[in-house]
Amino acid sequence: MSAPTAPLPVRAVLVTGAARRLGREISLQFARAGWDVLAHYRHAEAEAQALQADVERLGRRCHLLRADLAQPEAACGLLRQASTLHGAPPHCIVNNASIFEADDARSASAAGLMQHFATNCATPLLLANALAGLLAAGGQPSGGRHSVVHVLDQKVHNLNPDYFSYTVSKLALAQSVALQAQALAPWVRVCGLSPGLMYLSGPQTQDNFERASRVNLLREPLDPAQVARCVVFIAETPALSGTTLQADNGQHLVPLARDVMFAVDEGLTR
Ligand SMILES: NC(=O)c1ccc[n+]([C@@H]2O[C@H](COP(=O)([O-])OP(=O)(O)OC[C@H]3O[C@@H](n4cnc5c(N)ncnc54)[C@H](OP(=O)(O)O)[C@@H]3O)[C@@H](O)[C@H]2O)c1
């Protein structure tokens with residue numbers, strides 16, 4: 001009789017900006033797939049506690065971690081804290097937290113560019129680097145069980161000049177996906193996930209959002225749960241490395257001269 005094999009440890013995911021909107025949806029999809037959740041938040045403490053209760057109702061563990069990710073040096077501390085709480089480095093990091101502030105080429109400031117770059121690009125890259133560092137220090141590569149998913153935006157595949165600093169920060173992150181997958185192999189797979197419009201943001205009204213959310217090939221609003229399912233799919237599919245999934249109802253194939261929230265009001269979507 002062969003000796004019984006030890007069960008694999010429960011996998012854990014660190015999701016940044018987990019308390020609300022897409023971060024919450026991603027956290028719940030991982031919990032439904034049997035993962036424990038390390039849920040990062042910054043200000044949304046009550047929403048983070050509600051997420052924790054919902055994950056625990058699904059039978060999974062959920063730890064809450066607070067950090068300001070506009071300080072990229074916070075990245076290593078956050079990962080260390082997450083690893084201590086879980087008892088090992090997380091099997092996946094989802095870099096979901098981001099800032100999205102309106103500007104254009106004329107109004108973009110050095111401070112705004114740097115703030116978008118820090119939160120939306122430098123911190124995600126450093127978190128991924130730190131995970132690979134921890135794993136390389138700890139032993140053997142895991143055959144693709146560890147991954148990082150950088151949440152991007154369909155905008156990086158479908159440019160227009162609005163939200164200039166935000167778009168620059170996401171373009172830099174998008175261009176880093178293949179480079180970082182090469183740099184961190186074989187310890188960590190790195191992939192991108194580009195959603196389309198899912199939630200009302202910035203100055204949008206509900207009426208504007210309802211029209212804008214149908215400007216895609218399906219002419220239907222994008223379901224954030226499907227975007228979240230794609231993130232879990234990346235985390236659970238070792239064959240994927242250095243690539244980006246576009247989960248946007250085909251929005252990236254509908255070119256517009258302006259951001260969709262402005263285009264629908266200016267008659268640019270016909
Ligand atoms: N919304 C859309 O329709 C859309 C479309 C395409 C792509 N995306 C991308 O999808 C992801 C999620 O979008 P979303 O609209 O759900 O995001 P969101 O609500 O704008 O932001 C997610 C979270 O990011 C956290 N955050 C922001 N700045 C932070 C900082 N300095 N330190 C720590 N946390 C910080 C906030 O946490 P607290 O609330 O706890 O402070 C916030 O709840 C983003 O990467 C976004 O670029 C979104």
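Where is the place of Asn249? I began my entries there, working in a predicted model, and I found Asn249 in the loop between strand S7 (244–247) and helix H8 (260–263).

**Entry: backbone angles**

I looked up the phi of Asn249 and noted a positive value of about 55°, although the residue is not a glycine.

Arg219 is found in the loop between helix H6 (206–212) and helix H7 (224–235), and because it has 11 C-beta neighbours inside 10 Å, I wrote it down as exposed.

I also checked the peptide bond between Ala185 and Pro186, which is cis, with omega at about 0°. Pro186 has its place in the loop between helix H5 (164–184) and strand S6 (189–195). I kept these entries together because most residues other than glycine have a negative phi, and most peptide bonds are trans.

**Entry: overall form**

I listed 8 helices and 7 strands for the protein. Along the principal axes, I found that the C-alpha atoms fill a box of roughly 70 × 35 × 35 Å. The radius of gyration is 19 Å, and I noted that this agrees with a compact globule, because one of 270 residues would have a value near 18 Å. I recorded 44% of the 270 residues as buried. Of the contacts with a separation of 6 or more, I found that 76% are between residues 24 or more positions apart.

**Entry: the nonpolar core and its strands**

Which residues have the most contacts inside the largest nonpolar core? I noted Val13, Val37, Ala39, Ala128, Leu131 and Val149, in a core of 67 residues. Helix H4 (residues 110–138) gives this core its largest share, which is 10 residues.

I followed Val13 into strand S1 (12–15), where Val13 and Val15 point one way and Ala12 and Leu14 the other, and where all of them are buried. S1 runs parallel to strand S2 (residues 36–41), and 4 bridges join the two. In S2, I found Val37 standing opposite Val13, and both of these valines are on my list of core residues with the most contacts.

I followed Val149 next, and in S6 its bridge partner is Cys191. Strand S5 (residues 147–151) pairs with S6 in the parallel sense over 5 bridges. I counted 7 of the 7 residues of S6 as buried, and I saw that both faces are covered, with Arg189, Cys191, Leu193 and Pro195 on one side and Val190, Gly192 and Ser194 on the other.

I looked up what Ala39 touches beyond its neighbours within four places in sequence, and the list includes Val15, Ala18, Ala19, Cys62 and Leu64.

Is Ala18 buried or exposed? I counted 33 C-beta neighbours inside 10 Å, so Ala18 counts as buried, although it lies in a loop, the one between S1 and H1. With neighbours within four places in sequence left aside, its contacts include Gly23, Arg24, Ser27, Ala39 and Tyr41. I also took the C-alpha to C-alpha distance from Ala18 to Ser201, which is 17 Å for two residues that are 183 apart in sequence.

Not counting residues up to four places away in sequence, Ala82 touches Leu14, Leu38, Leu65 and Pro90. The C-alpha atoms of Ala82 and Ala18 are separated by 14 Å, and the two residues are 64 apart along the chain.

**Entry: around the ligand**

How many residues are around the ligand, and which of them come nearest? I noted 26 residues, of which Gly17, Arg21, Arg42, Ala44 and Ala97 come nearest. I sorted the shell by residue type and wrote down 14 nonpolar, 7 polar and 5 charged residues. Helix H1 (residues 21–32) provides the largest share of this shell, with 3 residues.

How values were computed: Residues numbered from 1 in each chain as written. Predicted model: local features only at pLDDT ≥ 70, side-chain atom pairs only at ≥ 80, totals over all residues. Near = placed C-beta within 6 Å. Nonpolar A, V, L, I, M, F, W, Y, C, P; charged D, E, K, R; others polar. Rg over C-alpha atoms; globule rule 2.2 N^0.38 Å. Buried ≥ 20, exposed ≤ 12 C-beta atoms within 10 Å, placed from the backbone. Contact = placed C-beta atoms within 7 Å. Core = buried A, V, L, I, M, F, W, Y, C linked by C-beta atoms within 7 Å. Pairing = 2+ DSSP bridges.
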